[in-house]
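Hi everyone, thanks for having me. Please bring up the sequence and the structure on your screens, and we'll walk through them together.

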Amino acid sequence: MSEWLVLTIAMASACAVVLTIAVLNNRRIGEDDDPSETPDVIEYMTMMIGVVYAIVLGLAIAGVWEGRSAAQESVRLEAQALHEVSARSSVYPVEVRDRIRADVDAYVAYVIDDEWKAMTDTGSLTERGTRLLDRVRADVTEYQPRTDHEGQAYQPLVDQVAAADDARGSRGQSAGATMPGVVWFGLITGAMVTVGLIFTLQIRRTFRELLLAGLFSVLIAFLLFLIWDFDSPFGRGISATTAPFVDLFPDAARD
């Protein structure tokens, strides 16, 4: 059973139960009942719906912001691990050290210039980026240390390559949209209900009331846009950046 069918059944069932209870309760009311003696529940229900929707919006914003922050952190960890590989390779012979650093710079330049755009367009990593990182791994793992000093540096270098690969995987998992469709359905439906409830309060056409109604609608639209913008950590305006790569590899960024 799909999640949409479950959602539809749950919503229809809840609505049916409430309406049935309301109708049955209304039939039990005597003719001498005075509705003016009972409090008006419209304003209370409007307030509660607004509060519940505000909580949902807050949780959604917190969730997408956390996803964006995690994506930026994965970029930082990947850049730092590759920087450690480039720096710690200084203990190796010149030809090995230069090959490792050249392959690291080639990978970083490709990520900044090409793979970042591919993540924005397709929401996934590229095979060429994987091959370039595999080349760095081969440079490190295939070299056989000749001295104790090189042997002591070998395992940390392997660990840093593994850390870069792990951070790259996290970056790839964060490349696409993170908010499920059912959540968007709830957010948009909740916005329509919350804004629509303004009209149950007999809003008039005075300047003050129209201004407040307009500002309230603008606020809801802005918050939904904020969630949509944060939902794709690498693909929209307020997104993760390549700053960690550029800061640690300025030469590769200029190439």
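Let's begin with Leu59, which sits in helix H2. Keep in mind that we're looking at a predicted model. Is Leu59 buried or exposed? Its relative accessibility is 60%, and exposed means over 50%, so Leu59 counts as exposed. Leu59 also belongs to a nonpolar surface patch of about 840 Å².

Now let's step back to the whole chain. How many helices and strands are there? There are nine helices and zero strands, so reading from the N terminus you simply get α-α-α-α-α-α-α-α-α. Of the 255 residues, 31% are buried. The chain exposes about 15,600 Å², with 61% of that supplied by carbon and sulfur atoms.

Next, the inside. The largest nonpolar core contains 31 residues, and among those with the most contacts within it are Leu82, Val108 and Phe245. Helices H2, H3, H4 and H5 each give two or more residues to this core, and H3 gives the most, with 10.

Find Leu82 for me. What does Leu82 touch, if we skip its neighbours within four places in sequence? Leu82 is in contact with Val104, Tyr107, Val108, Leu133, Ala164, Phe245 and Phe249. Apart from this core lies another one, of 14 residues, including Tyr53 and Phe230.

Note on methods
Residues numbered from 1 in each chain as written. Predicted model: local features only at pLDDT ≥ 70, side-chain atom pairs only at ≥ 80, totals over all residues. Heavy atoms only, no water. Core = buried A, V, L, I, M, F, W, Y, C linked by side-chain atoms within 4.5 Å. Buried < 20%, exposed > 50% of the residue type's maximum accessible area, 1.4 Å probe, protein only. Helix = DSSP H or I, 4+ residues; strand = E, 2+ residues; numbered from the N terminus. Contact = heavy atoms within 4.5 Å. Patch = residues over 30% accessible without salt bridge, like charges linked within 9 Å, V, L, I, M, F, W, Y side chains within 5 Å. Areas by Shrake-Rupley, 256 points an atom, 1.4 Å probe, with all protein chains shown as cover. Salt bridge = Lys/Arg side-chain N within 4 Å of Asp/Glu carboxyl O.
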